[in-house]
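Subject: Structure for you to look at

Hello,

Here is the structure we talked about handing over, and I would be glad if you opened it beside this email. Please read slowly and look up each residue as it is mentioned.

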Amino acid sequence: MANSNANQNDTKQHPFLAITVVALMTFMGVLTETSMNVTFPTLMKHFQISLATVQWVTTGYLLTVALLTITSAFLKRRFTNKQLFISAALLFIVGDIMCGLATSYWLLLIGRIIQAGCVGLTGPLMNNIILDVVPPHKLGTYMGMANLIVLVAPAIGPTFGGAVVAFASWRMIFWITVPVTLVLLILGVLIIKQYSPTEHYEFDWLRFGLLSIGLISLLMGFNILGQPHVLIKFSVYIILSVVMFGLFGWRSKYSQKALFKLSVFKRSAFLFSFLPYVLLQYSNIGINFMLPSYVQMVNGASSFIGGLILLPGSILNGFGQPLYGWMLDHLGGKLPLYLGNTLFFIPLVIFTIFGQHISIMNIIILYTIFAAGRSMAFGNSMAYGLEKLNRDERNDANALYGTGNMVAGSLGTTIIATLMTSVNLANFSNAENIAAGSQVAFGMLAFIGIINFILFRKLFRSAK
């Protein structure tokens, strides 16, 4: 095995420092992603594009992260932690420069897709390092501490993006993050060690291609759903997606090449933690996209206010992570998962009922409750599932959690954008149509809360 002669004293020396540096690099990627959500109305005017087009700044980013995350089980076994980290940092810097200099929307989008390579590599890397060095009974606490760093980004991202747009230019979002990334790159080279041996083996390009085409077709289909006269085109995309997923599943039965093992889906602990995990992420990314746009397009608020409304809830989202992880490790899974989903569900019901007439202050209060509950249930869904798996299953499970996370985020943005613009009544103003479409979206998210209760019940029954 290559790199098997890694110094074992180094491998266990300062794992939390390595986890922190990787988490901070992931933080930078999430920061730019959540910052960009607030800039959509500005970008629409600047590049003369529609909401359905501009949302690909987020959807394309998350899709790219998802495609890279698919490969994370292979990358973890094939390349060293330091190689993956350096690659991630360089992709982020190149993307920063391209976006900062972009003269057209398409150059901006390409820059964002390149930049997505950072989170696509460092997100799974952070979790894999934790799985390498942390015992199962402490996974909740350590993942909570790492997620604290990563989830602070959504706490300040919208406010940061809104402030930059209001007082400078959206391009400064990218220029400000370049020097910070350079510092993290240097620290990573010095601190990150190898915690398990690597080995050379062949990557399964065929399965990766089939899965990639399936995911892209799925997102393209949902992206055009809100447009007129697209039923046939939508059907073609969905059929193509189903065929690709079917071929992927068939090929997975016979392939001996490296990607990830689908056998973990046979484990109830994985399946019934994976499904609510991705549904919670779908809801989170969707509502984080929807609310800043809602207050700007319906309430007439500025981009700065659009970002600020998410700040209190996002602070609870990030800084509550260590507490939520402690709850899992010391009180079991039922309390944080059931309580978290309840706090997630109640605000969505209220949003659904009053979706056409919500003041900015009520949005802040409801989103804060939503974010606290979503955060409590989200990270613990994954940690609880990983606790119940064997050690040799965790790398593959981590790849699937991460891939599902990003695909769900991409679908969340795409479907929410479609629903927000789905109402076009002639006697309504644009703001009233957006408000009515948002009410439909809130109702869909509330229904997800009901589904999660059912899935968590099955999860705990399977663990008996």
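Which residues touch the most other members of the largest nonpolar core? Before the reply, two remarks on how to read this. The model is predicted, so local features need pLDDT of at least 70 and side-chain atom pairs count only at pLDDT 80 or more, while totals for chains, interfaces and linings use all residues. Residues are numbered from 1 along each chain as its sequence is written, and side-chain values use heavy atoms, with hydrogens and water left out.

The residues in question are Leu108, Ile287, Leu291, Phe351 and Leu386, in a core of 135 residues. Helix 13, residues 268-297, gives the most to this core, with 14 residues. A nonpolar core here is a set of buried Ala, Val, Leu, Ile, Met, Phe, Trp, Tyr and Cys residues joined through side-chain atoms within 4.5 Å; buried means under 20% relative accessible area, exposed over 50%, and partly exposed in between, with a 1.4 Å probe and protein chains only. Leaving aside neighbours within four places in sequence, Leu386 is in contact (heavy atoms within 4.5 Å) with Leu131, Leu139, Met143, Arg394, Ala397 and Tyr401.

Turning to the chain as a whole, there are 20 helices and zero strands, where helices (H or I, at least four residues) and strands (E, at least two) are DSSP runs numbered from the N terminus. Of its 464 residues, 59% count as buried, and the C-alpha trace spans about 70 × 50 × 45 Å along its principal axes. Among contacts between residues at least 6 apart in sequence, 84% join residues at least 24 apart.

Asn341 has its place in helix 17, residues 334-353, and is buried, with a relative accessible area of 0%. Not counting residues up to four places away in sequence, Asn341 touches Leu280, Gly373, Ala377, Gly449, Asn452, Phe453 and Phe456.

Gln48, in the loop between helix 3 (40-47) and helix 4 (51-54), is exposed, with a relative accessible area of 67%. Most residues other than glycine have a negative phi, yet phi of Gln48 is near 55°, a positive value.

Best wishes
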